[in-house]
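Please find below a short note for a colleague who is new to this entry.

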Amino acid sequence: MAIIVSDQGFSPDDWTGHFLNWEQVESDQGKIDPGNALDVPNFLDGNELVEVFDRVALIRIPFPAHVDGRGFSLARRLRRLGFGGRLRAKGHILADQFVFARRCGFDEIEIDDDLARRQPEEVWLPEAGWERNNYQQRLTASP
């Protein structure tokens, strides 16, 4: 069972819609019903997805290993291109990467039971203050 990590901690997955695979959508010349979710490979440029932004409610990007950071780059790119829906990382993201994931544009992280046992909710929660604890905000704060 998937566990969703957000700023509020752990929760069960509330997504009840269908996940489409990017290769399937790409082969159907971009045909996708509004409100679906899309699984995309972490090596995409992002420009390929712009035409479906208005029909996709959630984009999920895989992290096959915690040392594979391509998903962070893709998330940042999708946000800069204008994607305003839910953005979810899935896989091997560690608690200390949560802040970086949020700053790149992810709304949530999907982890499995094994990772949740190794890094329980109390390990993730201190990272939830990611907006308050950044050097950019300290630099712009009035003395």
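**Note on selected side chains**

1. Phe98 is buried, at 1% relative accessible area (buried means under 20%, exposed over 50%, partly exposed in between, with a 1.4 Å probe and protein chains only). The model is predicted, so local features need pLDDT of at least 70 and side-chain atom pairs count only at pLDDT 80 or more, while totals for chains, interfaces and linings use all residues. Residues are numbered from 1 along each chain as its sequence is written, and side-chain values use heavy atoms, with hydrogens and water left out.

2. Seven aromatic pairs are counted (rings of Phe, Tyr and Trp, the last by its six-membered ring, with centres within 6.5 Å; planes under 30 degrees apart are stacked, over 60 edge-to-face, the rest tilted). Phe98 and Trp124 form an edge-to-face pair, with 5.9 Å between centres and 80° between planes. This pair links distant parts of the chain, 26 residues apart: Phe98 belongs to helix α3 (residues 98–104) and Trp124 to helix α5 (residues 121–124). Helices are DSSP runs of H or I with at least four residues, strands are E runs of at least two, and both are numbered from the N terminus. Trp124 is also buried, at 2% relative accessibility.

3. One aromatic cluster is formed by Phe63, Phe72, Phe100 and Phe106.

4. Glu108 lies in strand β7 (residues 108–111) and is buried, at 9% relative accessibility. Which residues does Glu108 contact, leaving aside its neighbours within four places in sequence? They are Ile4, Val5, Leu58, Arg86, Leu87, Arg88 and Ala89 (contact means heavy atoms within 4.5 Å).
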